[in-house]
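Please keep the model open while reading.

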Amino acid sequence: MGKGGGCVSSKNKTSKSSNSKKNSIDIPSSSTKNLKIFIVFYSMYGHVESLARRIKKGIETVEGVEGILYRAPETISEDVLMKIQAPLKDDTIPEISSPEDLIDADGFLFGFPTRFGCMAGQMKALFDSTGNLWKEQKLAGKPAGFFVSSGSQGGGQETTAWTAITQLAHHGMLFVPIGYTFGAGMFDMDTVRGGSPYGAGVFAGDGSREATEGELALAEYQGKYMATFVKKLVHA
């Protein structure tokens, strides 16, 4: 056509299409990989660890979700650990080597024993090391829950969890309690059982008591509950 014609050459059309494709961004689908829930715990005598392992089992009953165990770094010297007869830790479960490791998780379940109604110092030290993540809000929007151990029935099963919520609030994270969704098991009065609407729990007693099947069942349920929640959140 003449100079005033409106036709565009096929060469120009190809060039425009090519540029458009070049500038597009490929967003990977979350369905192509497993969602990851980090089970980050501190356990001195193994009570919290027993819950952590059952939580992992519960998480992995939900298709497409993986539970990954991590330890909070120890802050007590080997000499002191020997004197208080703390058992050797299973070295197949890695420690969190850097706060930045936490960024890769889609959700969290943090476990720790109580110390005067609050989380143990080892777990607090881990949270205290996340200042750079807080500064950039790298954990904001990620769901998290808690599971605990205490020495007695009045030893802090609930206060240990709810005093830990402040850590999540400052990071902009979502606290996910189990409430009473466990059903009749939450009202069992026939046996001594740790746990609360805040999350799973175990009574350690003098250290010799082991977690009961009821306590472990609640932990497994919490893992499944959190995995279901995370999956719904991500795919909403």
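## Second largest pocket

The second largest pocket is lined by 16 residues. Tyr45, Pro113, Arg115, Ser149 and Ala204 lie nearest its centre. A pocket here is an open set of points on a 1 Å grid over the protein atoms alone, where a 1.4 Å probe fits, with protein on both sides within 12 Å along at least five of seven lines; lining residues have an atom within 4 Å of a point. The model is predicted: local features need pLDDT of at least 70, side-chain atom pairs count only at pLDDT 80 or more, and totals for chains, interfaces and linings use all residues. Residues are numbered from 1 along each chain as its sequence is written, and side-chain values use heavy atoms, without hydrogens and water.

The second largest pocket holds about 190 Å³ of space. Its lining takes at least two residues from each of α2 (47–59), β3 (107–115) and β5 (143–150). β3 gives the most, with three. By class, the lining has five nonpolar, nine polar and two charged residues.

## Largest pocket

Seven lining residues are nonpolar, five polar and three charged.

## Helix pair α2 and α8

α2 also packs with helix α8 (residues 213–235). The angle is about 45°, and the axes lie 7 Å apart.

Contact (heavy atoms within 4.5 Å) involves residues including Leu51, Arg54 and Ile55 of α2 and Leu216, Glu220 and Lys224 of α8. The contact residues divide into seven nonpolar, four polar and six charged.

Technical notes:
Nonpolar A, V, L, I, M, F, W, Y, C, P; charged D, E, K, R; others polar. Points joined across faces, edges and corners; volume = space filled by probe spheres on them. Helix = DSSP H or I, 4+ residues; strand = E, 2+ residues; numbered from the N terminus. Axes fitted to C-alpha atoms, helices over the stretch in contact; angles between N-to-C directions.
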